Amino acid sequence: MSLRLCRTCTTRGAALVAAGRLANVSKIRWLSVLSRPAISNAHYTQAIQQTRRSMFIQTQDTPNPNSLKFLPGKDVLGESKTLDCPNVEAAKVSTLAKMLFQIEGVKGVFLGPDFITVTRSSEDLEWSLVKPHVFATVMDFFASGLPVVSENAFPDSSSVAAEYGDDKELVEMILELLDSRIRPTVQEDGGDIEFVSFKDGVVQLRMQGSCSNCPSSTATLKHGIQNMLQFYVPEVQSVEEVTNEVDEIAEQEFEKVEKKLEELRQKSREDEK
């Protein structure tokens, strides 16, 4: 195992980063030394107390090469809760997600019970350039003492099955299987699935986090989720993935911006010659 030392500056002080990598898992230990003078504000006081302590962050690869899972060593949303932020608009309910979107090259943010999945704009963007900024942002956020999400971030989903009338019991079984058998496994890979609808034997799901636009998402749906649902609920004929129209529009706009930026960078390189 190799050890590499580097120094990264943040607005709150200097952090010494020790990075090690073994079996695609990187362990980052942050030792913060703050130079900010004493401030009476309660948030800054808490920030000083917390960031003087060491913070242990792990990174873990996911099946999606463009998504990386960050484990800060503490709860993010808490048990069973997740929040998908595929764009800046969706991140408005989370201060942490909004801070991460300010990092250049961050395309999507997914918050899990005890992890954060960050999706980069393309494989051309090296993770070695993105990770230090994510580490600093996560460290600064948890030092602030601010809540991860707003109070109304999670809609009430307790009455989903009740909307299906005669199919209520089937939908309840589907939801139970998703929550107990499927979602925990998917979350291990830095993503999640959201139940959208059940009609005429077709279950519609939305892939989130690292599972969104993942090369293996189709196999996960057909060979994993569909097979399990059909085994326990024979009425399920197939499982399909759906995407938000808003997400598709955001994806198209993001690609346009990236293309324009690349054109400007190319022009700048040519002017320098």
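This is a predicted model: local features need pLDDT of at least 70, side-chain atom pairs count only at pLDDT 80 or more; totals for chains, interfaces and linings use all residues.
Biologist: How many helices and strands does the protein chain have, and what makes a stretch a helix or a strand?

Modeller: The protein chain has six helices and eleven strands. Both are DSSP runs, numbered from the N terminus: helices (H or I) need at least four residues, strands (E) at least two.

Biologist: Why is Ala 97 called buried?

Modeller: Buried means under 20% relative accessible area, exposed over 50%, and partly exposed in between (1.4 Å probe, protein chains only). Ala 97 has 0% relative accessibility, so Ala 97 counts as buried. Ala 97 lies in helix H2. Across the protein chain, buried residues make up 41% of the 273 residues.

Biologist: What does Ala 97 touch?

Modeller: Contact means heavy atoms within 4.5 Å. Not counting residues up to four places away in sequence, Ala 97 touches Cys 85, Ala 91 and Val 109. Ala 97 and Phe 110 are 13 residues apart in sequence, and their C-alpha atoms are 7.9 Å apart.

Biologist: Why is Gln 208 called buried?

Modeller: The relative accessible area of Gln 208 is 9%, so Gln 208 is buried. Gln 208 is found in strand E10. Leaving aside neighbours within four places in sequence, Gln 208 is in contact with residues including Thr 82, Phe 110 and Asp 192.

Biologist: And Ser 80, buried or exposed?

Modeller: Ser 80 is at 51% relative accessibility, so Ser 80 counts as exposed. Ser 80 lies in the loop between E5 and E6. Pro 113 and Arg 183 are in contact with Ser 80, leaving aside neighbours within four places in sequence. Ser 80 and Gln 187 are 107 residues apart in sequence and 9.7 Å apart in space, C-alpha to C-alpha.

Biologist: What makes a set of residues a nonpolar core?

Modeller: The members are buried Ala, Val, Leu, Ile, Met, Phe, Trp, Tyr and Cys residues, joined through side-chain atoms within 4.5 Å. The largest nonpolar core has 31 residues; Leu 111 and Val 148 are among those with the most contacts inside it. Among the elements that each supply at least two residues of this core are strand E4 (55-61), strand E7 (106-111) and helix H3 (127-144). H3 gives the most, with eight residues.

Biologist: Which residues does Leu 111 touch?

Modeller: Among them are Val 76, Leu 83, Ile 116 and Val 149, not counting residues up to four places away in sequence. There is also a second, separate core of 21 residues, which includes Leu 170, Val 203, Leu 205 and Leu 229.

Biologist: Why is the pair of Phe 70 and Phe 135 called edge-to-face?

Modeller: Rings of Phe, Tyr and Trp (its six-membered ring) pair if their centres lie within 6.5 Å; planes under 30 degrees apart count as stacked, over 60 as edge-to-face and the rest as tilted. The structure holds four aromatic pairs. In the pair of Phe 70 and Phe 135, the centres are 5.7 Å apart and the planes are at 75 degrees, so the pair is edge-to-face. Phe 70 lies in strand E5 and Phe 135 in helix H3, so the pair ties together parts that are 65 residues apart in sequence. Phe 70 and Phe 135 are both buried.

Biologist: How do you know that Lys 69 sits over the ring of Phe 115?

Modeller: A charge sits over a ring if NZ of Lys or CZ of Arg is within 6 Å of the ring centre and within 35 degrees of the ring normal. The charged end of Lys 69 is 4.6 Å from the centre of the Phe 115 ring and sits over that ring.

Biologist: What makes strand E9 and strand E10 a pair?

Modeller: Two strands pair if DSSP finds at least two bridges between them. Strand E9 (residues 191-199) and strand E10 (residues 202-209) have eight bridges, in the antiparallel sense. Glu 194 stands opposite Arg 206 in E10.

Biologist: Where is Asp 200, and why is Asp 200 called exposed?

Modeller: Asp 200 is found in the loop between E9 and E10. Its relative accessible area is 62%, so Asp 200 is exposed. Phi of Asp 200 is near 50 degrees, a positive value in a residue other than glycine.

Terms used. Residues are numbered from 1 along each chain as its sequence is written. Side-chain values use heavy atoms; hydrogens and water are left out.
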